[in-house]
Amino acid sequence: MNLRTITNALFEFDAHYPRTIIATIILITVLFGWKVPGLEMDPGLRSGLPRDHKIVQSMEIVDELFSGSDILIVAVDSDSLFSTKTLTKLFSFQDSLESLEQISKVTSIFNQKYIVPDNNGFEIEPVLFEIPRDSVGHQQLIERLDKSGMIGNLVSNDYKTLCFIGQINSSFAYDEFEFRKNVYELVNRFSDPEYFYVSSLPITRATVVEYMQRDMRVFTPVAIGLCIFLLMLSFRSWTGVFLPFFVVGFSIIWTFGIMGWLDMSLAFIGTLIPVMLVAIANNYGIHIISHYYEYTKSDTKASRGQILKRTIRKVGIPILLAGVTTMVSFLCLLSHSLPRAREMGALVSFGILIAFILSIILIPSVLVLVPRPHFLSKGVDISFIDSLLVKMGKLFTRYRSIVLILLSIVGIYLAMGIKYLKVDTNPDHYFPKSSTLRIANAKISNAFGGSTQMNILVEGDIFDPKILKNIEILTDHIKNRHDIVTKSYSIVDVIKKMHSGFNGGDTLMEIIPDDVDLIHQYMFMYSISSDGDEFDLILDDIEDPSYTQILLRLEEVQTHAIAEIVEDTEQFIEANFYDQSPMELTGGATLLGVLNHMVIRGQFISLVVSVFIILFIMSIVFRSFIGGLLATLPMAASVVMMFGLMGYLNITLNITTSLLTCILVGVGVDYTVHFLWHLRDHVKDGDSLDEAITNTFRISGKGILFNGLSVVVGFSALLFSVFVPVRIFGILVMGSISFCLFGALATLPALTSLTKPRFLFK
Amino acid sequence: MEHKDRTISSIIILITLGLLLYAFSISDTVYSVEGRTLKDIFIYLIDNYLDFILIIYVFICFQIAGYVELKYKQDFITTSFLSILFTPLSILFILQNEVEDD
């Protein structure tokens, strides 16, 4: 059974059982829709991570041994920071912060202790015995802060800002939204007249997810509204507007419905699914409607059935090919390292498959039942667009060499911008500079060296001087090599201070002692003169630890810098400590840095793979490598040009934007497929190549144009995004889809007219 | 063939309606109107679902305009804008008057 027989059988089924088909689709939609209201959002990090990744595994160890690897920093800014009233208020804030469910420990001047040398060795004393009531007490407090080395760490150099560092008790197993809500409620209760600044990677993540949800609520209706408006102008009829629209709506419901039936949750990345489907899923319907109208106009006496039969026979295979290529581009995401990206690839492909099936079943069933728009029979047509398209075709074939040279020059120039393309996924940069989040992060970064933490997990006999020295060497190496690392804290700092204190505070003795028993003795002395919980974050056991962690503070979350630190540190460990106790970088920021690069690299690979698969499919379809190349070239060139343009405009590539490039590959090839398929059809019907190009523009040009415009208009909804890069990327996708469209409507006529490829005449 | 098509589709539509009624009856997310005045309900809907209300309104307008286009052979774009501006039902009344005048 060949494809033509299938399309005929399909038409017979559509023509004889239209009401049954419509009713069945509605019933299935209700069944799928049944589970949509119960679909759960999953903002958690854990479900989206590759469980077998070594950083994820080490984060789980850190969670178990110490606490979570993320921190919360609250900075308080006041001109009278050390007044009795302010300190009393902030002491109360510390208590409230510690009582938060997600916080395991809070570090601030209110509970910090420091080592004071004395005749018997050293004493451990709190920085703040009691809140000072007079100027003498204030002066003593400032002196103790200076001595303890807390200036620049917990109090800013100008003594106007003080910070609280909260250790979050888990890396994954908590609700980041709830955490953010609790923190802000608390801060709002205490703020005024003091200014409070909150910064934490989990809070930034939660804000990003919340804004994405808000974006989805805005995007979907805006995108649908704009598409409806465009379809109204294009087709001027209910059938032309709402049949593709219903296909989109049903495919979105079916896609979310299947998630519900399979008990899948909706991750933040899944919020992009409706936008993608709105932009892509109406394409097939647009081609059917466009050809149906064109054939009606060209043969007003033919019955609806005859016109439909002709339409399905002519557009069935090209829209099948368009659907398959789009699905291939998304299915390539199955090789992605992130489970959520794989899931999205599969779900969008499912949505596209449904859109294709509904387009060839539902749309003809409705068209069989309803009368044709009356303006078609009146002979009033959209002749302006028709004549413009035909003139374009003639222009591009007549001046083919000039057109091709000009396009090549522009293409090469834009493609060269790719060398300036940067990868950066600093979540802060998603927000405008004026946003509260960025202001707080900048403030904390300036005063305390940042709010993001990287951890290095060390395993072994921790009090062994050799291991301690390795920790010191590694920490010094990282701090000297990477400017982004502003501070570090580890057990080595404490032992060195104790050793110095034991030697009368001699700074020259601030070194790691060689005697392991002495170190044990120091630790014992420290534990008896303090509460004993000071080392909860850095030692798994105070007496005989087998794990410790080094904490590194980062100025900001620059993922490329983090990735560099990880790579350099791994090389350093491998070169210097390969036969010694294991040390590995871990923590949320480390994971973010490594994963982002992994994701974007994976995305590039899947892009290249999908382009080659599409080239292969097209070569088989046209039974010619040249045919495959012609179908793939405009799309591939557009992708490269888009990346080049991003490079010139200094727009960085991040996870969201790299995922959206799938659309470009999937959709970009549609226009060329339709053009080449119909061109070959016209040549087969006996037209000369130039006549065939003109007829392709006349019959199919409008479908291709409206299809491209609907994608551009659909993506214009991204301009309403809260995120700066998404807005910019919206413009870029609109631009690059226009490149693809122009590629199909300008490059292909010029190229085919110039080269006269043999596959068109087979 | 057409009779068979009508019969099967009617059965399927009945099943669909039954399912919808069942879903509505077991839903626990339905807003409780007990003890609330119409004004309260109106304010609640405006406060929480204004965007949805507007979308549904425009959607209904478009469907009525589509009906008018296909049934009375009117221009879809004009009818849609008239429908959105003057409420969808008024379009039917306008058309009804036109038919009577003729």
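**Figure 1. The largest nonpolar core of this predicted model has 236 residues.** A nonpolar core is a set of buried Ala, Val, Leu, Ile, Met, Phe, Trp, Tyr and Cys residues joined through C-beta atoms within 7 Å. A residue is buried if 20 or more other C-beta atoms lie within 10 Å of its own, exposed if 12 or fewer, and partly exposed in between, with C-beta atoms placed from the backbone. The residues with the most contacts inside the core are A:Val74, A:Val247, A:Leu277 and A:Ala355. Helix H7 (residues 201-235) of chain A gives the most to this core, namely 15 residues. Helices (H or I, at least four residues) and strands (E, at least two) are DSSP runs, numbered from the N terminus. Two residues are in contact if their C-beta atoms, placed from the backbone, lie within 7 Å. Not counting residues up to four places away in sequence, A:Ala355 touches A:Val247, A:Val248, A:Ser251, A:Leu277, A:Ala281 and A:Tyr284. This is a predicted model, in which local features need pLDDT of at least 70 and side-chain atom pairs count only at pLDDT 80 or more, while totals for chains, interfaces and linings use all residues. Residues are numbered from 1 along each chain as its sequence is written, and chains are lettered from A and ligands numbered from 1 in the order in which they are written.

**Figure 2. Chain A has 26 helices and 10 strands, and chain B has four helices and zero strands.** The C-alpha trace of chain A spans about 110 × 50 × 45 Å along its principal axes. Of the 762 residues in chain A, 50% are buried; of the 102 residues of chain B, 15% are buried. Among the contacts in chain A with a separation of 6 or more, 81% join residues 24 or more positions apart.

**Figure 3. Chains A and B meet through 22 residues of chain A and 24 residues of chain B.** On the chain A side, helix H2 (18-33), H7 and helix H8 (238-261) each supply at least two residues. The largest share of that side, nine residues, comes from H2(A). By class, the chain A side has 15 nonpolar, five polar and two charged residues. Here Ala, Val, Leu, Ile, Met, Phe, Trp, Tyr, Cys and Pro count as nonpolar, Asp, Glu, Lys and Arg as charged, and the others, Gly among them, as polar.

**Figure 4. Helix H22 (residues 625-648) of chain A has 24 residues.** From its first C-alpha to its last, H22(A) reaches 33 Å, close to the 34 Å expected at 1.5 Å a residue; the expected span is 1.5 Å times one less than the number of residues. H22(A) bends by about 35 degrees at A:Thr632, and A:Pro634 follows within four residues. The bend is the angle between axes fitted to the seven residues ending at a residue and the seven starting there. Because 18 of its 24 residues are buried, H22(A) is largely enclosed by the rest of the structure. A:Asn650, which follows H22(A), has a positive phi, near 60 degrees.

**Figure 5. A:Ile495 lies in helix H18 of chain A, and A:Asp514 lies in the loop between helix H18 (491-502) and helix H19 (516-528).** A:Ile495 is buried because 24 C-beta neighbours lie inside 10 Å. Leaving aside neighbours within four places in sequence, A:Ile495 is in contact with A:Leu468, A:Ile512, A:Ile519 and A:Tyr522. A:Asp514 is exposed, with 11 other C-beta atoms within 10 Å. The C-alpha atoms of A:Asp514 and A:Asp464 are separated by 8.5 Å.
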